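Opening the notebook on this one.

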Amino acid sequence: MFKHIIHKLLLLLAVAAIAGCSDMKLQTDADYDASVLDPHIDMTAWEYLESRSDIFSKFMAAVEYADMKAYYTQTERAYTFLVLTDGAVNNFVGALGCTTVEECPVEEVRNLIRYHIIDGEYSSYGDLPVEPIFVLTLRRGEEGLMTMLTRKNPWMADAGKVVVNNTGSNGSSPMRLAVSSNIMPTNGVVHVFDNYCYYKK
């Protein structure tokens, strides 16, 4: 009986609270300046890497060791650069049983960099669909196969992320999600990854 009375009292309080809110008016004006962040940066991909040497120093060392810096500094052609953080480079170096990039066979490092440069511009701004597409990396042949897509479902935790080798889209290649994407230097697009990408049959 006591519970029944408590339930009725709570119901009456809820009705009274809702009824009391009916006198509140909706806000009709507000100062709001709509703006969209501009992803373009007035520098080459290499200059961007230099501006963030705190997280890209090992990747820059790998690019220079592979003698492929010219791709990142040129402005005649647009590329999509999949840039690796220092942790990702450490993973690659460790997988080869080395301790530094310079200890690794130069051709292995060159193939890593080739696989992480894509011919053309691929960003989430209309270039990448939600279904995986094959893109042309600078590493030719079967070892250069790569798929890309962008997640656009607003209910997914990773909406807006650029995905390389989505599960099942490219053999057994591991899926990688960009940790930062759609950075637009003067010579293409930069997507940043915390682990290196590779093709696996």
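I am working from a predicted model, where local features need pLDDT of at least 70 and side-chain atom pairs count only at pLDDT 80 or more, while totals for chains, interfaces and linings use all residues. Residues are numbered from 1 along each chain as its sequence is written, and side-chain values use heavy atoms, with hydrogens and water left out.

Strand β1. Is β1 mostly covered or uncovered? Covered: six of its six residues are buried (under 20% relative accessible area, 1.4 Å probe, protein chains only). In a regular strand, side chains alternate between the two faces of the sheet. I find Tyr79, Phe81 and Val83 buried on one side of β1, and Thr80, Leu82 and Leu84 buried on the other.

Partners of β1. I checked pairing (DSSP finds at least two bridges between the strands). β1 runs antiparallel to β2 (117–119) over three bridges, with Tyr79 opposite Asp119. With β8 (188–193) β1 pairs in the parallel sense over six bridges, and Val83 faces Val192 there.

Open sheet. I traced four strands with antiparallel pairing in the order β3-β4-β5-β6. The edges are β3 (133–136) and β6 (176–177), each pairing on one side only. β5 (162–164) meets β6 over two bridges, and Val164 has Arg176 as its bridge partner.

Phe59. I listed its contacts (heavy atoms within 4.5 Å): leaving out residues up to four places away in sequence, Phe59 touches Leu49, Tyr72, Leu82, Val83, Leu84, Asp86, Val89 and Ile113.

Conventions
Buried means under 20% relative accessible area, exposed over 50%, partly exposed in between (1.4 Å probe, protein chains only).
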